[in-house]
Amino acid sequence: MTQIILDGGHLTIEQVIAVAYGQPGAPEVVLSADAKNAVNRAAAAVQTLIQRGEIAYGITTGFGAFKDRVISPEDVETLQRNILISHAVGVGDIFDIPTTRAIMLIRANTLASGYSGIRLATLQTLIDMLNRGVHPRIPEKGSLGASGDLAPLAHMSLVLIGLGEAEYQGAQIGGADAMQRAGLAMVTLAAKEGLALTNGTSIMCALGVLETYRAEMLMQTGDIAGSLSLEALHGTPLAFDERIHRLRPFPRQQESAAYLRALLAGSGFTRGYDPLNVQDAYTLRCIPQVHGAVRDAVAYCRWAFEIELNAVTDNPLIFIDGDEITVLSGGNFHGEPLAIAMDYLGLAMSELGNISERRIARLIDESVNTHVLPAFLTREGGLNSGFMIVQYTAAALATESKVLAHPASVDTIPTSANVEDHVSMGCTAALKARRINNNVERILGIELMAAAQGIDFRKEVVGADKSLGRGTRPVYDLIRSRVPFIERDTLLYPHMETVRVLVSSGAIAHAANGAL
């Protein structure tokens, strides 16, 4: 992608990923001609309302519980500036650059629909900031996920008016300084613009898009790790037989089973039918059922966020029919659909981490794996602890994810003098899902590292002429190109981080898929 054209209706998850992880201006973000016309039309409508002296929420009135306080025409611009200043009360860690870029892109696309009343010049400034790498420093916490993500979006918007802080070319500097260095003029907000910039779901939507995309990669990596563990444990792929899954036709259970069959095709490390050992433990035998359910959750999130990316989540909204201008107050800013989706994702990804941790435990426990592998995957047990404590780390991460999986969307705290009396906690749900994904990424890395260690012991039994599966062989080779067989106790944490990076970058999934 060299250019992404925003029109408010056709932004994709893949485009968000390209901008979030791309460089400023590569791809370049531009507005479509139709979007420019729609934005100009709505901005003109706002001015018409002011000239007529009509009362319209957020344009000529205060906000929230102050909805009945009429603002004089001479104070309209001050009102919009004040909303940014008063609402910029976020706390906590600062969002990383990819998340910040995703937030800015999604907010710009929402405003490009032409229902918010923002002026074209103001919207273009936000897009220019994105293209030139002026990244506002946005604290993670402060949003309740209703009335949108008010506090963090206020921090994003401060930089447009020369306040707040930004990162520009690696330096953390004041908002005005960043705009000047980038050659951008600061904005004096007009009627409705402060509200348009802050009222919406762009924070939780950005988090949701990035974590859904990451979860898609992690769920594939989970299948790969499970397959390599099955080979290390001399398991059987018979439980993945298409005939079994045809009789319980959850589509993504079937997808997982088919992927496992492809990964393990041609493996000399698995066992066929054995009347004395017909089935494996659930963590191996039920991979399609468990991982398939995870795939269902991730697919639901993709569906939800593909809709939200092109939704108008401002309030109020401006509708124009000929000379008639209608300003409607509604609740599209309420993040409940996203909050539930993120809670669902967190729950599912926790389970992906849970089953992976149990496979790690099976790899290191010789009594459980029936002495297929030595205790703790080391030769001189006692003198060497091997992978004993690595499993502790996986267990700690899995437990933390279970705690984090408690849904945020079932909680609500009324705000704004009980006008905003039910909130979604969508941003909280999204931040929890991110932490869970971080944990799962590490757990899967540990499983892959332990499985590769197990494969090396199995090679001594099956012989050099036996090959791993079509998809697992390149994954094992990739791991071994970066992490050696652990002959005796050594510092393991650098190797754990190396494999985590392979997972995080998508290199594991790419290696497997490139061979299929």
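Which helices each supply at least two residues of the nonpolar patch? They are helix 13 (287–308) and helix 14. The model is predicted.

**Nonpolar surface patch**
- Five residues form a nonpolar patch on the surface: Tyr300, Trp303, Ile307, Tyr344 and Leu347.
- Together they have about 500 Å² of accessible area.
- Helix 13 gives the most to this patch, with three residues.
- Helix 14 also contributes at least two.
- Leu347 is in helix 14.

**Arg358**
- Helix 14, which spans residues 336–364, also holds Arg358.
- Arg358 counts as partly exposed because its relative accessibility is 42%, which falls between the 20% limit for buried and the 50% limit for exposed.
- Leaving out residues up to four places away in sequence, Arg358 touches Thr283 and Gln391.
- Ala394 is 36 residues from Arg358 along the chain, yet their C-alpha atoms are separated by 9.1 Å.

**Helix 16**
- Helix 16 covers residues 426–462, 37 residues in total.
- From first C-alpha to last, helix 16 reaches 51 Å.
- That is close to the 54 Å expected at 1.5 Å a residue.
- Helix 16 is mostly covered, with 30 of its 37 residues buried.
- Gly463 follows helix 16 and has a positive phi, near 100 degrees.

**Cysteines**
- A disulfide requires two cysteine sulfur atoms within 2.5 Å, and by this rule the count is zero.
- Cys301 is in no disulfide.
- The cysteine sulfur nearest to Cys301 belongs to Cys205, 12 Å away.
- Cys301 counts as buried because its relative accessibility is 0%.

**Thr270**
- Thr270 sits in the loop between helix 11 (251–264) and helix 12 (282–285).
- Is Thr270 buried or exposed? Thr270 is buried, because its relative accessible area is 18%, and the cut-off for buried is under 20%.
- Setting aside neighbours within four places in sequence, Thr270 is in contact with Leu230, Glu231, His234, Gly235, Pro237 and Leu264.

How values were computed: Residues numbered from 1 in each chain as written. Predicted model: local features only at pLDDT ≥ 70, side-chain atom pairs only at ≥ 80, totals over all residues. Heavy atoms only, no water. Helix = DSSP H or I, 4+ residues; strand = E, 2+ residues; numbered from the N terminus. Buried < 20%, exposed > 50% of the residue type's maximum accessible area, 1.4 Å probe, protein only. Contact = heavy atoms within 4.5 Å. Patch = residues over 30% accessible without salt bridge, like charges linked within 9 Å, V, L, I, M, F, W, Y side chains within 5 Å. Areas by Shrake-Rupley, 256 points an atom, 1.4 Å probe, with all protein chains shown as cover. Salt bridge = Lys/Arg side-chain N within 4 Å of Asp/Glu carboxyl O. Expected span 1.5 Å × (residues − 1).
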